[in-house]
Amino acid sequence: MAQVPAASASFNSERRCTSNFIEAREPRASAAGSREIYLMSRLTFALIFLGLVCAAQAQQVTVVETDSELRTPMQSKPSPSFHMAPASSSVTITVNDAQKYQTIDGFGASLTDSSAWLLYTKLTPEQRSQTMHDLFDEKSGIGLNFLRQPMGASDLALNDYSYDDMPAGKSDPELKHFSIEHDKAYILPSLREALAINPQIKVMATPWSSPGWMKTSDALIGGTLKESAYPALAQYFVKFIQAYEAAGVPIYGLTMQNEALFTPADYPGMLFPAEAQGKFLRDNLGPALGASNLHTKVMVYDHNWDHPEYPTTILHDPEAAKYAAGTAWHCYGGDVSAQSAVHDQFPAKDMWETECSGGTWQKGNLLAVTAKLIIESTRNWAKSVVLWNMALDQNNGPNTGGCATCRGVVTVDTSKSPAMVTKTVDYYALGHASKYVRPGAVRIESNSFGDKGLEDVAFQNTDGSIGLIVLNNAATAQTFSVAKSGASFTYTLPAGSLATFSWNASAAVSKQ
C-alpha cells in the first residue's frame with residue numbers, strides 16, 4: 001500500500017497519537033493479501049479515531065470571565081479550541097509570541113499598617129488563613145505575588161511612626177535607636193504568612209517620611225530632607241533591609257520616597273526634589289548598599305505619570321543612574337504613556353506601576369477601571385501592577401489622615417462579630433492577571449482596539465503557556481477572534497466584562 005504523506009507537523013503528531021492505539025490492538029494477518037485489506041480497514045478506523053483519541057491534545061483554551069456587576073466573578077466558561085482556519089470575525093486579536101517585551105515581576109497591593117492589623121488582629125485564625133490563601137495561593141486563591149510595604153507609617157496606619165523616632169530637638173545620626181519592633185506585632189507575621197503560602201512574592205519598600213529629626217520640619221509631617229542627614233538616611237535603608245531579611249522577609253526593591261512631589265498636611269510625607277534624590281542616590285544610598293553587599297533594586301521617583309521629567313533628571317546623570325534599576329509610577333495624574341516615553345529614552349531601565357487606589361470617588365464600571373490599569377500599565381512596560389491597600393475596614397480605614405475614601409482588595413467589616421471579609425472588585429480584577437500570569441512571564445505582542453472597544457494584553461509564562469487578558473469596553477457584547485500562527489478561535493464577551501484566556505502553546509491544533 002502506498003504511503004500517505006502527512007499534511008503538517010500537527011497531523012504527524014495526531015498520527016503518532018493514534019498509532020499507539022492501533023499497534024496495541026492489531027492482530028497479525030495470516031496472509032499478505034488479507035493483511036493489506038486488514039490494514040486499509042484499520043486506516044479507516046484510525047481516521048475515525050483520530051479526533052477522539054487525540055482530542056485531549058488539541059489546543060483547548062481555558063476561559064475565566066467576570067461580569068461588570070460581579071454576579072459571576074471569575075467564572076469558568078466552556079473551552080473553545082484553536083482551529084487551523086482563518087479568523088472568522090472582522091475583529092481579531094492576533095497574538096505573536098515571537099515578539100517579546102518586559103518580564104513580569106507580579107501583581108499585588110500593600111500590607112499597610114492598617115491592612116496587616118485588620119488581617120492579623122481582627123480575624124479568627126481560621127478566617128485569616130482562609131483570607132490569606134484567597135489572596136496569595138495561586139491554586140485555591142488568586143496568587144498575588146508583589147507587595148509594596150511602607151517603611152514606617154503612611155496615611156493608612158493606626159498611628160504615625162518611623163524606625164528611629166526621637167524627642168523634638170534630638171537627633172540620632174548613628175542610628176543607635178533604630179528598631180523595627182513596631183512591625184513585629186502584626187506586619188512581619190502577616191508578611192511571613194504570605195511568603196509561606198507563596199514563596200514567589202516579591203516585596204518592595206517605600207518610606208512616606210524619613211525620621212523627623214532628619215528633616216527641616218523636625219517631624220514626620222512636612223519638611224524636606226536635610227543634606228546633612230543624607231549619610232544617616234542611607235544607613236537607615238541599609239539597616240531596614242538587613243533587619244527585614246533577618247526577620248524572614250527579603251526586600252526585592254525600594255524607592256527613596258513615596259510621592260516625592262507632594263507634602264501632605266495630615267500624615268507623614270516629605271518633599272524630595274529630583275536633583276536632591278539623584279544626589280542622595282549617587283553619593284549616599286547607592287554606595288551604602290554596595291558597601292553592605294545588598295543587591296536590592298532601587299526605583300526612582302514613585303509618583304504620578306504627569307511628571308516624567310523627574311525620573312529622567314536622575315537617569316540622565318550616569319553616576320546616579322548606575323544605581324537605579326528604573327522608575328516607579330502612580331496613576332493619580334497624567335497618562336500611562338509616560339512610562340513608555342521614559343522607557344524609550346532609557347530602554348535599559350525598567351518600569352514598575354507601584355500604587356493606584358480605587359475608592360468611593362469612582363463611578364460606573366469599577367471592574368473596567370482596574371482592568372484598564374492592568375492592561376494599559378503592562379502594555380506600557382510595567383513589570384508590576386500594584387494597588388494600594390490589601391485590606392481596609394467598612395469605613396475605609398483605619399487611617400491617620402489622607403485618604404478616607406480608599407478601597408482595599410478585601411474589606412474587613414469589624415462591625416460584625418466575628419468580622420466579615422468581603423472581596424472587592426479589585427480582588428477579581430487583579431486575579432485575572434495574578435492567577436494566570438506568573439512571575440517571570442514575558443509580555444508578548446498583541447493588537448488592542450482602544451478604550452471604546454476591546455483592550456487586551458498577552459503574556460507567555462515560563463512553562464510556555466499563554467495568558468491573554470481581554471476587557472470589553474464597548475456598550476454591547478463583542479464577538480471577536482483570537483488568532484496565532486494561522487489558527488484561531490472565536491468568542492463573544494458581554495459588555496463591560498473581563499476575561500482571561502489561557503492555553504498551552506505546544507499543544508496540537510485541531511483542523512476540524
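A: One term to start with: a residue is called buried when its relative accessible area is under 20%. Also, this is a predicted model.

Q: What is cysteine 331 joined to?
A: Cysteine 331 forms a disulfide with cysteine 356, with 1.9 Å from S to S. The two cysteines are 25 residues apart and link distant parts of the chain. Cysteine 331 sits in the loop between β9 (326-330) and α10 (337-345), while cysteine 356 is in the loop between β10 (350-355) and β11 (358-359).

Q: And cysteine 356, buried or exposed?
A: Cysteine 356 is buried, because its relative accessibility is 12%, and the cut-off is under 20%.

Q: Why is the disulfide of cysteine 331 and cysteine 356 called right-handed?
A: The torsion about its S-S bond is about 80 degrees, so the disulfide of cysteine 331 and cysteine 356 is right-handed.

Q: How many disulfides does the structure hold?
A: There are 2. Cysteine 403 is buried at a relative accessible area of 16%, and cysteine 406 is buried at 4%.

Q: Changing topic. Where is lysine 435?
A: Lysine 435 is in the loop between α12 (425-434) and β17 (442-446).

Q: What is the nearest side chain of opposite charge to lysine 435?
A: That is aspartate 137, 6.5 Å away. Lysine 435 is buried and has no salt bridge.

Q: What lies 2.8 Å from a polar atom of the lysine 435 side chain, then?
A: The backbone oxygen of lysine 139 does.

Q: Which residues is lysine 435 in contact with, leaving aside neighbours within four places in sequence?
A: Met74, Glu138, Lys139, Ser140, Gly141 and Ile142.

Q: Now the whole chain. How many helices and strands?
A: The chain has 12 helices and 22 strands. Of its 512 residues, 56% are buried.

Q: What about contacts between residues at least 6 apart in sequence: what share join residues at least 24 apart?
A: The share is 71%.

Q: Last one: what does the accessible surface come to?
A: About 20,600 Å² for the chain, with 53% of that belonging to carbon and sulfur atoms.

Methods
Residues are numbered from 1 along each chain as its sequence is written. This is a predicted model: local features need pLDDT of at least 70, side-chain atom pairs count only at pLDDT 80 or more; totals for chains, interfaces and linings use all residues. Side-chain values use heavy atoms; hydrogens and water are left out. Helices (H or I, at least four residues) and strands (E, at least two) are DSSP runs, numbered from the N terminus. Buried means under 20% relative accessible area, exposed over 50%, partly exposed in between (1.4 Å probe, protein chains only). Lys and Arg count as positive and Asp and Glu as negative; His and the chain ends are not counted. A salt bridge is a side-chain nitrogen of Lys or Arg within 4 Å of a carboxyl oxygen of Asp or Glu. A polar contact is a pair of N or O atoms within 3.5 Å; within protein, one must be able to donate a hydrogen and the other to accept it, and residues adjacent in sequence count only if both atoms are side-chain atoms. Contact means heavy atoms within 4.5 Å. Accessible areas come from the Shrake-Rupley method with a 1.4 Å probe; for residues, only the protein chains shown count as cover. A disulfide is a pair of cysteine sulfur atoms within 2.5 Å.
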